[in-house]
Amino acid sequence: MDSEYDVIVIGAGAAGENAADRAVKGGLSAALVESDLVGGACSYWACEPSKALLRPGAALRAARSVAGAREAVTGSLDIPQVLARRDAAVNSWDDTSQAEWVSGAGIELVRGRARLSGARRVVVSDDRGDHFTLTARHAVVLATGSAPAVPRIPGLHDVPFWTTKEATSTHEVPESLVVLGGGVAGTELAQAFGRLGARVTVVARGPLLSAFPVDARGLVAEGLAADGVEVIENTSAELVENTDDGAVRVSLPGGRALEAARLLVATGRRPALDGLGLPAFGVEPVSMRVDETGRVQGLSWLYAVGDCSGGPKLTHQGKYQARITGDAIAARARGELARNETAQAWSPWARTADRLAVPQVVFTDPEIGMVGLSEEEAWEAGLRVRPIAVPLNVAAASLHAEDYSGWAQLLIDEDLRTVVGACFAGPDVAELLHAATVAIVGEVPLDRLWHAVPAFPTLSEVWLRLLEAYGV
Ligand SMILES: Cc1cc2nc3c(=O)[nH]c(=O)nc-3n(C[C@H](O)[C@H](O)[C@H](O)COP(=O)(O)OP(=O)(O)OC[C@H]3O[C@@H](n4cnc5c(N)ncnc54)[C@H](O)[C@@H]3O)c2cc1C
Ligand SMILES: NC(=O)c1ccc[n+]([C@@H]2O[C@H](COP(=O)([O-])OP(=O)(O)OC[C@H]3O[C@@H](n4cnc5c(N)ncnc54)[C@H](O)[C@@H]3O)[C@@H](O)[C@H]2O)c1
């Protein structure tokens, strides 16, 4: 193995893989260091297994909501098959195929734990206890992901609890489950386990899915209630303890106590930057910031992408950041982008979409898809905006399911007459989202969107209703 590369990427999750790939496509050599499974959290303990656990319940509910199909459904979910399908989705936690992809892409895979030992120098410790040094001619990219943020609740650390890692890789469905945290992870997993047969209670510090519009999250709350999931909002656990029969008891303010076979703590994640040696370079992990190209502020050779870089913690956004950063490093190596220059908005080397157009889907049933600015963010950015909301009751909705209930909103910049934000909620709305992302990124004027004719009968006809409601 060489010890000198143009670029060294630490962490072979979705973000790290893409950063290394773009650097190589830009004509540079790259080493990718990974201490665990190549492919990272999304492939093995997050997106893919959680969606695999949710999909069978959604398919069953979809069949049950259509007369004619409903009558053909005579059984309930087959739990061993659901878990086996999840195992297949994560390749049974075997990263051979991903490692082969890395080699096929011309990237050198280095197994071991990395830390920074000097400017553009990285020390790797492998599982035999050997240490070796790699040197980067141009850049080191941190792509080390995130770790669960576990709250300080009395007793919590004295009881066994699941994080999302254990929940998504479990081989048993607990008889009962308390979920701490009403964010996206907690809500998705609450529904997954509720539909798999667990008695689930969610304890949310604020409203459930507080980052989403109230009409959208209301539909998800109804979906959870229909599945028998109890949601307790605006509450924090006061005490967590074991019971005599091996269960967990979670005490809430006001004297109520919840008992369950398992506790899932899904209260957010923080950048995984500990142990990398950052303070020696004047960078404090809690306050690390990157510029538009992904370069760590104050250092010319260090970049960060994905969950560890402090922006939105989403696979597709981490991959976007990685493409931008990989290309920016290659452009700087070729002299096309000056070392001390930051990139222009919407250029190939700027993460502009991170600020203006981050798409996110909550894969519950019903789903929420949201992209762009919220109303508050728009006003804070000095934009004069008007929200337009309509129920999602176009012809395709009632054909989709008799009891279809959905909601859609566009946020319009009144001065430019363009879309700056969008949200859709309802069964199977996720695929509506990309049209909104394109409209926002392309700054398509409403008068031109009027000519984007949605096919009949598709849920996309809601775009027409929204434009009509705005007055186009
Ligand atoms: C339950 C759950 C469901 C989710 N579902 C979705 C979803 O549906 N869609 C979506 O877009 N996002 C989803 N996310 C978020 C998504 O999983 C993350 O945004 C994404 O995995 C981050 O990718 P990454 O490459 O930044 O980090 P990771 O995938 O965590 O990769 C980091 C890698 O770095 C390695 N590493 C760390 N430190 C070192 C070191 N010192 N040396 C060597 N290697 C190191 C780690 O072993 C790891 O493999 C979900 C998250 C959770 C928790
Ligand atoms: N479909 C998806 O794209 C998807 C799915 C799951 C996770 N993710 C991503 O993974 C990351 C982690 O997800 P997450 O849901 O854990 O984080 P999150 O930040 O979205 O939600 C965490 C929630 O826990 C709450 N909380 C914090 N402390 C608490 C306490 N002591 N008691 C009760 N509630 C408490 C917070 O108020 C917040 O609502 C997020 O960035 C998310 O975007 C994405």
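This is a predicted model: local features need pLDDT of at least 70, side-chain atom pairs count only at pLDDT 80 or more; totals for chains, interfaces and linings use all residues.
1. The shell comprises 34 residues, of which Glu 34, Ala 41, Lys 51, Asp 307 and Thr 315 are the closest to ligand 1. By residue class, the shell divides into 15 nonpolar, 12 polar and seven charged members.

2. A side-chain N or O atom of Asp 307 is 2.7 Å from an oxygen atom of ligand 1, while for His 316 a side-chain N or O atom is 3.2 Å from an oxygen atom of the ligand. Leu 314 takes part through its backbone, with an N or O atom 3.2 Å from an oxygen atom of ligand 1. Of the 1000 Å² that ligand 1 exposes when taken alone, the protein buries 89%.

3. As for annotation, the unreviewed UniProt entry places the feature "domain: FAD/NAD(P)-binding" at residues 5–321. That span is 29% helix and 24% strand, and its end C-alpha atoms lie 21 Å apart.

4. Arg 295 sits in the loop between strand 15 (269–271) and strand 16 (302–304), and its relative accessible area is 9%, so Arg 295 counts as buried. A polar atom of the Arg 295 side chain lies 2.5 Å from the backbone oxygen of Arg 339. Leaving aside residues up to four places away in sequence, Arg 295 touches a set of residues including Arg 289, Tyr 303, Arg 332, Asn 340 and Glu 341.

Definitions and conventions. Residues are numbered from 1 along each chain as its sequence is written. Chains are lettered from A and ligands numbered from 1 in the order in which they are written. Side-chain values use heavy atoms; hydrogens and water are left out. UniProt positions are given in the numbering used here, feature names are shortened, and annotations may be inferred rather than shown by experiment. Helices (H or I, at least four residues) and strands (E, at least two) are DSSP runs, numbered from the N terminus. Buried means under 20% relative accessible area, exposed over 50%, partly exposed in between (1.4 Å probe, protein chains only). A polar contact is a pair of N or O atoms within 3.5 Å; within protein, one must be able to donate a hydrogen and the other to accept it, and residues adjacent in sequence count only if both atoms are side-chain atoms. Contact means heavy atoms within 4.5 Å. A residue is near a molecule or strand if one of its heavy atoms lies within 4 Å of it. Accessible areas come from the Shrake-Rupley method with a 1.4 Å probe; for residues, only the protein chains shown count as cover. Ala, Val, Leu, Ile, Met, Phe, Trp, Tyr, Cys and Pro count as nonpolar, Asp, Glu, Lys and Arg as charged, and the others, Gly among them, as polar.
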